[in-house]
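Here is a friendly note to read beside the model. Take the points in order and find each residue on screen as you go.

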Amino acid sequence: MPNSPREKCLMCEKSFDQVEMRTIGDGLLRVYVAVRSSKRIFTEEYICQRCRLQFFNWLRLMEGDFDRFCSRDKNDNEFLTNDDDETAMVVDNYEERIMESSVQTDPQTPRISIPVFRCSKSHQSCVVCGIEIISAKVLSFVQRTMIFLIRAVFVSPGSRCCSEHVVKKQLTVESFDKICISKTDCWTLDSFGLQVLFTDIRSMLLQQNSFNFDGPTLLNEEAYKTIVGLTKDQFNDLIGTVSSMRNSHTRSIRTAVAIFLAKMRLSLSNRLLAILFHIDNKRNVSHIISQVRIALMKDFVPAHLGLHHIDRVTAINQHQIAIATVLHTTKPQQLCVVADSTYLFIQKSSDNKFQRRSYSMHKHRHLVKPMILTTTDGYILCVMGPFLSDYKNNDASIFKHCVYNNEQDILNWLHDDDVLILDRGFRDTVRAMKQFVFQVAMPSFLNGRKQFSLEEANLNRCITKVRWIVESGRAYAYLTRNHRYWEKRGVPGPRPWPFFGTYLQQFFKPFPETEMEWYNDYGKIYGIYDGSKPGIIVGDPDLIKQIMVKDFHVFTNRRPVKTTHKIMSKFLSSLVGEEWKRVRSIITPTFTSRKMKKIFQIMKNSSDTILEKLERAALQKNEDIDLKELYGCYTMNVIAKCAFATEPDINFVKHATKLFTFPFWRKFLDYTVPMRLLDSLKFTVLPSDAMDFFRSITANLIHQRLMTVQSHHSCDHDFLDLLMNARRVDSVEISQSIKDIDDASFRQQTDDDRNQNQNALTGLVTQDVSKTLDQNEILAQSVLFFSVGFETSSQLLTYCTYCLALNPDCQEALYDEIEKTLGMNHGRIDYDIVLKMVYLDAVISETLRLYNPVLRMERQASEDYTLGNTNIVIRKGMIVGIPVWALHHDPQYYPEPYAFKPERFLMENREQIVPYTYLPFGAGPRSCIGTRFALLESKVALIKALSKYQFVPSKQTRIPLRFLPVGRPLLRCEDVIVGVESRIQLTRTPKS
């Protein structure tokens, strides 16, 4: 066949190859060629590359003199090859200067300079890998814009790259990281240049598709898990192992593997996959899936599966459990292998013959059966098959086929006398395996007997136990699937345990000891595990402020509560999102100083019970007093009257006790069992009978007050009435309420922090939601108020009195302040006089530092979040813990952290405390709403007790306190017992 004639250049009339062919186009080049050749030139004609270079040299010499007379073809920029900076600036701004000339813009147009990195302007080499170009592709404006957005690198027009770096007109992910940077420069743009840049960005974004695995930031972690079933890191690791595939003009390696995994995970049709991944047709999808399968079988499978990926010695030393070695081996270096088959579901085939042979009469589905060999710890050695699941292929026939045909060289890999642990379904293979000099461990058969012999029964148990260990090993792998999450990311942390994660120690060791041990060993940031779910502990004050205040919109919610109970699910602490904001905005004004004054008298009257018990103990000089019992009665009395407007009787105390003393197994189930299973069993952490009791009380009270108008308007003095009358208020009143609540305790909050709190409650609450609480919500907050306020206030009073008993100087200083302040008010205790006692506030603050009832606070991330400048990414749904106990006992923030020093919190020393290292009531918008109530209740009790009695250590006083493991981040200790003495000589009234 004769050769086709070569094209001739219109200027030099020399023949040239198709590689050197350049289209003239409809720009200034057409005029240049027409003048030089004295011919009429058409846009579709060609010139050679050499003549085109002459045109660019002439263009540089003219310095743009002909711009206003003729338009320039848009492709002229794409083939610029001169490296001179001046020429580059001419070409870079060519279109802008034409536009300026056409619209006659002011030469004094403002410009901006953007500092950027530049690539080499040499068009003889690739901008990505830097090698000389063989198969060149000129980068389009969309590709150059993408490089600028991702790497902040300016690529000159006309720059080229190798064809292997471009897939479907887009640069691959790996290409962006390899781009060669020559120097730094300034990119000068005017208003039209900015318009062009924004247009390019818009065009680039419009070309992106939603299922793009080539973009490094287009898909988040959740999208990867949903589409391909892997995390982003796991997907990248898999891509790194596929070395036999190459990028093509229709798809990249990443897209091909994503299509294959999506097909396996979602079972989508090829037509639908073609639409989602922007492939031309379903035939290409089928071809891509076949290519990926071949590549994975060639590159990935041999390195992770099959008898040749692991040697026999490694299998014995690393994957053979001791119990199998003891029970089934008689020689050293004897390997135990467990063989079994399983079923895999397949789609119904259109081939009738294959359809019949793949149908299982036993399972009534189309299935195939692979034969799996594992070690005794569950490690999979190889998978042989799959085989059809019809009646001809049972376990024995499949295994004999594998051995007779030496599948995966199994006869050479196994040695003589190696032990095959099989079940009774392999009974027809025993004789064949013994011919190959393998030992077989299989449960015995009765063969007409009534029972096994002792030896046979023990052997059966041993074989069953080993096979059970294999199954449990698979369960172990599932339960520990994420236990290297933090290790891979370089974050230290304690060792997790299967099923429990890092929470196992809480059930056997006091939480304060565990928290301090981890804090000292791993630092202020370390990883933990809730079962198999990773979490993180953050103890850095600056990061705590970001989490709890500045970025509160990301960490709005606390740990999800495992319940769907209609009352417990409406606890303020359990609510999330908009529902929490609505309820919180309604309840916030309930705890202001004005409302607290209304229930102050209840606290004052209830404190008389303390004096009665102290008086009885003081009269009997050798009698000590249990502080937990003393203050427990007081706080229960106060909470019962404030929350439920009732006197606590025996039935009330019985059900109230159940809320705080639920058994160990309830805590265990709460931490370990999934919520769906607990709901199906109708399990609740708090006893349902106690919840029903308080629900009935509250419902009756609400009904009575609604029926009695006079009572409803005249009895506005308890918490129940405040909730019934509460309504959602405007932002001004919420702001004042937040400031009022924050002032109730020692908090170093700035105006910016208070603004964050106010915005969290007012900015996102829609206007069409309910402005009041319904009956279930009122009941839920009343029960929550009781359950939270009772124990925490009782513990605060207990630990505070204990510290004062061990520090008589502090006790006397506080007594002097009480006497002096009450003397100024004629001995009367009222709301305003309590707030004037500065040293009392310091004593309580130091007690909360030493013995804070809540040892750790938790928040849940609502989106992916980068933790400060640590490069640690907190994934959506992850729990973030704040180690309150560790912060309060860190010598960096509190010298002599275990010493009781109220002076730390006096006005002149408060500036020395680092913000966000003192968190007794939390911080940010989701801090404790009942702070003022708890402090007021505690102060009233201490004033009444210390004004007449003195607490001293006794023989039963435990120094130091012994804390109890309770399985939750709450502080619990054994009985706290001290002695009590009267400050005034009491005399008994003689009996008549």
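Predicted model: local features only at pLDDT ≥ 70, side-chain atom pairs only at ≥ 80, totals over all residues.

1. Let us start with a term: two strands count as paired if DSSP finds at least two bridges between them. With that in hand, look at strand β12, which pairs with strand β15 (residues 365–374) in the antiparallel sense over 4 bridges.

2. Strand β12 has another neighbour. Strand β17 (residues 419–421) runs parallel to β12, and 3 bridges join them. Within β17, Val419 is the bridge partner of Cys336.

3. Is β12 enclosed or open to the outside? In β12 (residues 336–341), 6 of the 6 residues are buried, so the strand is largely enclosed by the rest of the structure. In a regular strand the side chains alternate between the two faces of the sheet. Both faces of β12 are covered: one side holds Cys336, Val338 and Asp340, the other holds Val337, Ala339 and Ser341, and all are buried.

4. Helix α23 (residues 577–587) has 8 buried residues out of 11, so it is largely enclosed by the rest of the structure.

5. Next, a sheet with open ends. Its 3 strands follow the order β21-β27-β26, with antiparallel pairing. Which strands stand at the edges? They are β21 (625–626) and β26 (949–952); each has a single partner strand, so one side of each is left without a neighbour in the sheet. Between β21 and strand β27 (residues 977–982) there are 2 bridges in the antiparallel sense, and Asp626 stands opposite Ile977 in β27. Helix α25 (residues 608–619) lies across β21, β26 and β27, at about 65 degrees to β26.

6. The axes of helix α36 (residues 808–824) and helix α40 (residues 931–946) come within 10 Å and cross at roughly 95 degrees. That angle makes α36 roughly perpendicular to α40, because 65 to 115 degrees counts as such. On the α36 side, Gln811, Leu814, Tyr815, Ile818 and Leu822 meet Leu942, Ile943 and Leu946 of α40.

7. On to aromatic rings. A pair of aromatic rings is described by the distance of the centres and the angle of the planes. With centres within 6.5 Å as the cut-off, the count comes to 20 aromatic pairs. One of these is Phe55 with Phe56, a tilted pair at 5.3 Å centre to centre and 55 degrees between the planes. Phe55 counts as buried because its relative accessibility is 0%, and Phe56 is also buried, at a relative accessible area of 8%.

8. Which parts of the chain does the pair of Phe600 and Tyr831 link? The pair is edge-to-face, at 6.1 Å centre to centre and 90 degrees between the planes. It links distant parts of the chain, 231 residues apart: Phe600 lies in helix α24 (residues 593–606) and Tyr831 in helix α37 (residues 831–835). Both Phe600 and Tyr831 are buried.

9. Phe213, Tyr224, Phe235 and Phe277 form one aromatic cluster. Arg489 lies over the face of Tyr485, at 3.7 Å from the ring centre. Arg495 lies over the face of Trp497, at 4.2 Å from the ring centre.

Technical notes
Residues numbered from 1 in each chain as written. Heavy atoms only, no water. Phe/Tyr/Trp six-rings, centres within 6.5 Å; stacked < 30°, edge-to-face > 60°. Buried < 20%, exposed > 50% of the residue type's maximum accessible area, 1.4 Å probe, protein only. Lys NZ or Arg CZ within 6 Å of the ring centre and 35° of its normal. Contact = heavy atoms within 4.5 Å. Axes fitted to C-alpha atoms, helices over the stretch in contact; angles between N-to-C directions. Parallel < 35°, antiparallel > 145°, perpendicular 65-115°, else oblique.
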